[in-house]
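Please look through the model below from its elements to its cores and its pocket. The paragraphs that follow take these topics in turn.

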Amino acid sequence: MAPFELAEPGSLAEAFALLDAEDARALSGGTALMLMMKAGVLRPRRLVSLRKLGLDRIESDGELRIGAMATLRSLEKSESIRKRWPVLAQTLRTLSNVRVRNVATVGGALAHADPHMDLPPLLMALDARVTISGPGGERRVPVEALYAGYLENTLKRNEIITSVTVPALGKRRAAYLKCTTRSADDWPAVGVAVVLGDEDCIVVSAATDRPTRLRGADEAALAELRIEGDLHGSADYKRQLLRVYLRRAIDEARRAVH
């Protein structure tokens with residue numbers, strides 16, 4: 001691994017200034033970033049840790065507000081989330097493994113922009129929005145607006161995700177299913193998030209280069225998708241998986257308890 005400077009700012013303003021360089025990267029949980037650095041894919045000269053910025057709070061008073069530095073394990077263990085957004089807690093139980101969930105953060109999982117991640121498609125289907133902060137202030141965008149392509153987000157160089165807001169589930173019913181080719185906590189070959197309500201929403205991941213909304217649940221909607229083959233399966237294999245897992249996810253959402 002190439003040598004790097006580790007900076008630990010105590011304020012957002014300081015973090016923005018430190019990130020305003022082409023060779024600087026924000027460090028949240030670091031579970032993905034460190035692997036990429038060890039592989040030589042990324043060679044930042046400066047890592048800017050976000051751990052001292054107070055961005056790890058989880059609040060739920062009607063809607064759910066998650067600080068970007070909240071760990072995935074803290075979401076999984078939250079009693080409020082288990083009661084009011086059970087699909088989130090259920091999804092997290094098979095997201096990687098408990099060692100990773102103890103370290104990985106919500107903001108990092110979203111910013112990484114890997115289409116195999118479990119949270120982005122589910123948060124998209126739940127109509128979640130992210131708060132992005134930078135020197136020019138804050139902006140709030142839907143989760144899908146974060147993604148431009150495979151491992152490519154839309155954050156500017158000195159911007160960071162500071163929080164995620166999830167609307168109340170209410171009477172909507174939700175489910176997330178994935179198919180893994182090896183163990184249950186492995187990267188999925190396909191992932192399907194379904195939310196049923198006044199306006200149904202279906203989001204596909206892992207089979208596409210970014211989380212993607214489906215226009216419907218029929219064969220015509222699936223035919224519009226550009227399926228990406230990878231080590232987890234060919235494009236034809238993934239398309240067939242999607243046909244199966246889409247039906248299963250819809251059935252599971254229908255059975256979900258309010």
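Helices (H or I, at least four residues) and strands (E, at least two) are DSSP runs, numbered from the N terminus. The model is a predicted one, in which local features need pLDDT of at least 70 and side-chain atom pairs count only at pLDDT 80 or more, while totals for chains, interfaces and linings use all residues. Residues are numbered from 1 along each chain as its sequence is written, and side-chain values use heavy atoms, with hydrogens and water left out.

Begin with helix H2, residues 31-38, where Leu33, Met36 and Met37 are buried; buried means under 20% relative accessible area, exposed over 50%, and partly exposed in between (1.4 Å probe, protein chains only). These buried residues line one face of the helix, because they fall within an arc of 100° when seen down the axis of H2. The arc is that of the directions from the helix axis to the C-beta atoms. Leu35 and Lys38 are exposed on the other side of H2. The buried residues pack against strand S2 (24-27) and strand S3 (46-49). After H2 comes glycine 40, which has a positive phi, near 80°.

Most residues other than glycine have a negative phi. Alanine 113 has a positive phi, near 60°. Its place is in the loop between helix H7 (106-111) and H8, and alanine 113 is buried, with a relative accessible area of 4%. Aspartate 127 also has a positive phi, near 65°, and lies in the loop between H8 and strand S6 (129-134). With a relative accessible area of 41%, aspartate 127 is partly exposed.

Next come the cores. A nonpolar core is a set of buried Ala, Val, Leu, Ile, Met, Phe, Trp, Tyr and Cys residues joined through side-chain atoms within 4.5 Å. The largest has 41 residues, and those that touch the most other members are Leu88, Leu110, Leu123, Leu126, Val130, Val164 and Val166. Helix H8 (residues 119-125) gives the most to this core, with five residues. Leucine 126 is in contact (heavy atoms within 4.5 Å) with residues including Val87, Leu88, Val166 and Val195, leaving aside its neighbours within four places in sequence. A second, separate core has 23 residues, among them Ala175, Val194, Ala207 and Leu241.

Leucine 222 lies in helix H9 and is buried, with a relative accessible area of 5%. Not counting residues up to four places away in sequence, leucine 222 touches Leu214, Arg239, Leu242, Arg243 and Leu246. Histidine 232 is found in the loop between helix H9 (219-223) and helix H10 (235-255). At 10% relative accessibility, histidine 232 counts as buried. Leaving aside neighbours within four places in sequence, its contacts include His116, Asp186, Trp187 and Tyr237.

On a 1 Å grid over the protein atoms alone, a pocket is an open set of points where a 1.4 Å probe fits, with protein on both sides within 12 Å along at least five of seven lines; lining residues have an atom within 4 Å of a point. The residues lining the second largest pocket include Val87, Gln90, Tyr176, Lys178 and Glu252. Helix H5 (86-92) and strand S11 (173-180) are the elements that give two or more residues to this lining, and S11 gives the most, with five residues.
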